[in-house]
Amino acid sequence: MRQTTAQYDLVRGIWKENPVLVHLLGLCPALAVTNTVENAIAMGLATFFVLTGSSILISLFKDLIPREVRIPTFILIIASFVTIVDMVLAAVVPEIHKALGAFIALIVVNCMILGRQEAFASKRPVGRAILDAFGTGTGFMIAMVLMGAFREILGMGTFLGVPLFGDSFEPWVIMILPPGGFFALGFILLWLSWWRKRKAPVAEVRQWPHGVRVSTAREEAA
Amino acid sequence: MSDDIRKKDAVGEGGGEDGRGGMPEDHDLYTPQGGGGGTGSGPIQEVAAVRGAPEAGPKEDQRVDVPRPGEVRLPQVAPGQPGAGVPEVKETSILRMILTLATAGAMAGAVLVFVFLWSQPRILAYQAKVLAESIGEVLKGPEIYETVYVYQGQLVRELPEGVSPAGLDRIYPGYDVDGRPMGFAVSGAKAGYMDLIHVIFGYDPSSQEVLGMKVLDHKETPGLGDVIVKDEGFIGGFVRVRWPLRGIKAGTGTGDPHEVDLVTGATISCRTIVELINLRIEALEPLLEGFQWVAPSPEVPAEVPDPSIGGVAGEAPGNGDWKEEAA
């Protein structure tokens, strides 16, 4: 098992191993309910709560859950949290609950959540599981808000309902329709990989033909 | 390189890299027997049968590769040898698995019961509030309204004993401050462009006029079909329109009291609402004519409408029959 520091467990999921933008997990809600920033935030919060709650429970009971039935048990725990979120949202913020529709219930099968339970929470102490859930949940939220902002700004000309461009702006309606989700994800991933490529170490070949040495830009700077 | 050196290398590197000592101490397992030729992955030699290996097969087939220098392998255990080797994965009894799942399920169920008990009254209250507000909106502010069920082709205020109101169609007659009838609020649903459009509207049978319309739920295209909830002009067009309604292209009106202006780009969604209202009134008209208007006494609060029916959200089960007719 790879040893990691507590700090790394917390920050890993936020950007470096972002569940949506790097691992491409949880794409179903990321494509479906990011037509406005408000919906994206609500979905992000709901997922955050389910992830944290189930991580804590699974980490607490990891020694009591037999290996053979761990997946059904994880799903049972996740489904319970999702049902709680579903009912609480319907009671407290019915408008948002209506907007998110069936996708609340689909958090159960969000592979990001089950993935973190199987890969992390079921093997680590509770503290680490909480840190990991916070990091991953925040990363998911960041990705959702990125997508939501991209789509709402272009598709409606607003951010969180506040008009940005004035009356002359012609909204790109396609961005808030289902294809807009794919466009938004595609462009964000394109930009991310371009950005990573720019930051990537510069490889250099030296001392040919006696051997190939790869030096990084960082080494050269040092 | 002789096999002895190979073995020494393997032990040295294996031991250094892994604290558990990657190589077995049982020399019998790894005694070289003149292999080393031609396999490409180290000499082949005979070893004792590995636990778990297939019983059948000739003895000379039970051979394994000797690790190459630097390769770390877990020791293999001959049958009957205690202690050494990979620790066996403990098998869980089926009873324990069942108990685990049953306990987890029972605990989850118990928690959900409490959350349900807490949230359900709030959800129902919200839905009732939405319906009450909608009735007020489409009847233009009634002082009081009642709930009347459509039961066996009759409008009844009280259902007979043992008849559940669930699934029954219902309408909401409203009265003004002086107890004069203002009209009925009627809800319904019809397939629009994307999905069912749920609508509630007010209807005054004495003048055969629609009093107002409100969309309760829809999934029409954002930016196009959703003008049915966003376009005030379109919604306002349903005030005081004579039944049967007739949808016309905006700007081509002739002043006919039956005309409703449709919105360009949302023709299907708009037309659906017009058709829905026409069908709904057509179905209810014979019942409404014979309705006995009796204003409930103001002391008695109006019955809180059952939000599970009447199309606040979901399928509006009470309207299933006429929905099929409409389709």
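Author: Let's start with the overall make-up. Chain B has 7 helices and 12 strands, where helices (H or I, at least four residues) and strands (E, at least two) are DSSP runs numbered from the N terminus. Bear in mind that this is a predicted model: local features need pLDDT of at least 70, side-chain atom pairs count only at pLDDT 80 or more, and totals for chains, interfaces and linings use all residues. Residues are numbered from 1 along each chain as its sequence is written, chains are lettered from A and ligands numbered from 1 in the order in which they are written, and side-chain values use heavy atoms, with hydrogens and water left out.

Of the 327 residues in chain B, 39% are buried; buried means under 20% relative accessible area, exposed over 50%, and partly exposed in between (1.4 Å probe, protein chains only). Chain B exposes about 18200 Å², and carbon and sulfur atoms supply 56% of that; the areas come from the Shrake-Rupley method with a 1.4 Å probe, and for residues only the protein chains shown count as cover. Among contacts in chain B with a separation of 6 or more, 58% are between residues 24 or more positions apart, a contact being heavy atoms within 4.5 Å.

Now the close look: helix H6 of chain B. It covers residues 267-289, and its 23 residues should span 33 Å at 1.5 Å a residue; the end C-alpha atoms sit 32 Å apart, which agrees. The expected span here is 1.5 Å times one less than the number of residues. Still, H6(B) bends by about 40° at Ala283(B), and a proline, Pro286(B), follows within four residues. That bend is the angle between axes fitted to the seven residues ending at a residue and the seven starting there.

Ser269(B) also belongs to H6 of chain B. What does Ser269(B) touch, leaving out residues up to four places away in sequence? The list is Tyr193(B), Ile197(B), Glu220(B), Gly225(B) and Ile228(B). With a relative accessible area of 3%, Ser269(B) is buried.

In chain A, Phe48(A) and Phe134(A) make a tilted pair, 5.4 Å centre to centre with 55° between the planes. This pair links distant parts of the chain, as Phe48(A) is in helix H3 (residues 37-60) of chain A and Phe134(A) in helix H7 (residues 126-156) of chain A, 86 residues apart.

Back in chain B, Phe184(B) and Phe291(B) form an edge-to-face pair, 5.2 Å centre to centre and 70° between the planes. Phe184(B) lies in strand S7 (residues 181-191) of chain B and Phe291(B) in the loop between H6 and helix H7 (320-326) of chain B, so the pair ties together parts that are 107 residues apart in sequence. Phe184(B) is buried at 0% relative accessible area, and Phe291(B) counts as buried at 9%. Ring pairs also join these two with Tyr175(B) and Trp293(B) in a cluster.

Most residues other than glycine have a negative phi, and most peptide bonds are trans. Yet the peptide bond from Trp243(B) to Pro244(B) is cis, with omega near -5°, and Pro244(B) is in the loop between strand S10 (241-242) and strand S11 (246-249) of chain B. Gln152(B) is not a glycine but has a positive phi of about 50°; its loop runs between strand S4 (148-151) and strand S5 (154-156) of chain B, and at 67% relative accessibility Gln152(B) counts as exposed.

Finally, chain A. H7(A) has 31 residues and reaches 43 Å from first C-alpha to last, close to the 45 Å expected at 1.5 Å a residue. Gly157(A), with a positive phi near 70°, follows H7(A). Thr73(A), in helix H4 (residues 70-92) of chain A, is buried at 2% relative accessible area and touches Ile65(A), Leu101(B) and Ala104(B), not counting residues up to four places away in sequence.

Conventions:
Phe/Tyr/Trp six-rings, centres within 6.5 Å; stacked < 30°, edge-to-face > 60°.
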